[in-house]
Amino acid sequence: MKYSIFHGKLGFFSTELPKPPEQLGVSDIQARSVVIQFFPGFDGKTSITNWVVEAQVGGDTTWQEIYRVSAPDATSITVQNLTPFTQYRMRIKAVNIVGPSVASEPTRQFQTSQDSPNVPPGEVTLRAVNSTALRISWAVSTLHIHLLNILFYFDEHSIFLYILY
């Protein structure tokens, strides 16, 4: 129980758990971040101290905390450190000094955009296939590109370069 002095009189008020945010919306979907907009619920008669973002990642049906931010008056959150080209559903909990709210209704499912790897490839090897083709292999990638007069074929483990005349 909290106590306060108002106009010289001693009074008290009880704080409660907050209510979850409502009407979550997803926008600005990037490879490694997304913006979630929402309407805050009832704050429990005290300030919200944190917003906790939980997600279902890929095909997983379990919810895991992926982001936490202290922004008491927020109506949107930019969730960082997501994985490119990955399916997500997110929900938010409001936290005050009493504890966390129940989780909000989840967002629609969305997919982050593709991005180049944030680390260089490993185990790179180069081999001549014939007089006009080379085979380069490495640990990870999936892509097909036609650039200038060179045709590149990528799969999970290899790249084929063909010089076009």
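# Notebook: salt bridges, a surface patch and strands

I began with the charged side chains, and I found Glu54, Arg91 and Lys93 linked in a network of salt bridges. A reminder to myself: this is a predicted model.

I took the pair Glu54 and Arg91 to start with. Their side chains meet in a salt bridge, with an N to O distance of 2.7 Å. I then looked up where the two residues sit: Glu54 is in strand E5 (residues 50-57) and Arg91 is in strand E8 (residues 87-95), so this pair ties together parts that are 37 residues apart in sequence.

Next came Lys93, whose side chain meets that of Glu54 in a salt bridge at 3.2 Å, N to O. This pair also links distant parts of the chain, since Lys93 belongs to strand E8 and Glu54 to strand E5, 39 residues apart.

Are these residues buried or exposed? I checked each of them. Glu54 has 11% relative accessibility and counts as buried. Arg91, at 19%, counts as buried because the cut-off is under 20% relative accessible area. Lys93 has a relative accessible area of 21%, so I noted it as partly exposed.

I moved on to Arg68 and Glu65. Their side chains meet in a salt bridge too, at 3.1 Å from N to O. Arg68 is partly exposed at 45% relative accessibility, and Glu65 is partly exposed at 45% as well. How many salt bridges does the count come to? I wrote down 5.

I wanted to see how E5 and E8 are paired. They run in the antiparallel sense and share 8 bridges. One contact I looked up is Trp51, whose bridge partner in E8 is Ala94.

Which order do the strands of the open sheet take? I read it as E3-E4-E7, 3 strands with antiparallel pairing. E3 and strand E7 (76-79) stand at the edges with a single partner strand each, so one side of each has no neighbour in the sheet. I also noted the twist, which averages 20° from one strand to the next.

Inside this sheet I looked at E3 and strand E4 (residues 34-39), which run antiparallel and are joined by 4 bridges. Ser27 gave me a place to look, as its bridge partner in E4 is Val35.

Which residues make the nonpolar surface patch? I found Leu17, Ile97 and Val98, which together make a patch of about 250 Å². I followed Leu17 back to its place in the chain: the loop between strand E2 (9-13) and strand E3 (22-27). Leu17 counts as partly exposed, at 42% relative accessibility.

How values were computed. Residues are numbered from 1 along each chain as its sequence is written. This is a predicted model: local features need pLDDT of at least 70, side-chain atom pairs count only at pLDDT 80 or more; totals for chains, interfaces and linings use all residues. Side-chain values use heavy atoms; hydrogens and water are left out. A salt bridge is a side-chain nitrogen of Lys or Arg within 4 Å of a carboxyl oxygen of Asp or Glu. Buried means under 20% relative accessible area, exposed over 50%, partly exposed in between (1.4 Å probe, protein chains only). Patches are made of residues with over 30% relative accessible area and no salt bridge: like charges are joined within 9 Å, nonpolar side chains (Val, Leu, Ile, Met, Phe, Trp, Tyr) within 5 Å. Accessible areas come from the Shrake-Rupley method with a 1.4 Å probe; for residues, only the protein chains shown count as cover. Two strands pair if DSSP finds at least two bridges between them. Axes are lines fitted to C-alpha atoms, for helices over the stretch in contact, and angles run from 0 to 180 degrees between N-to-C directions.
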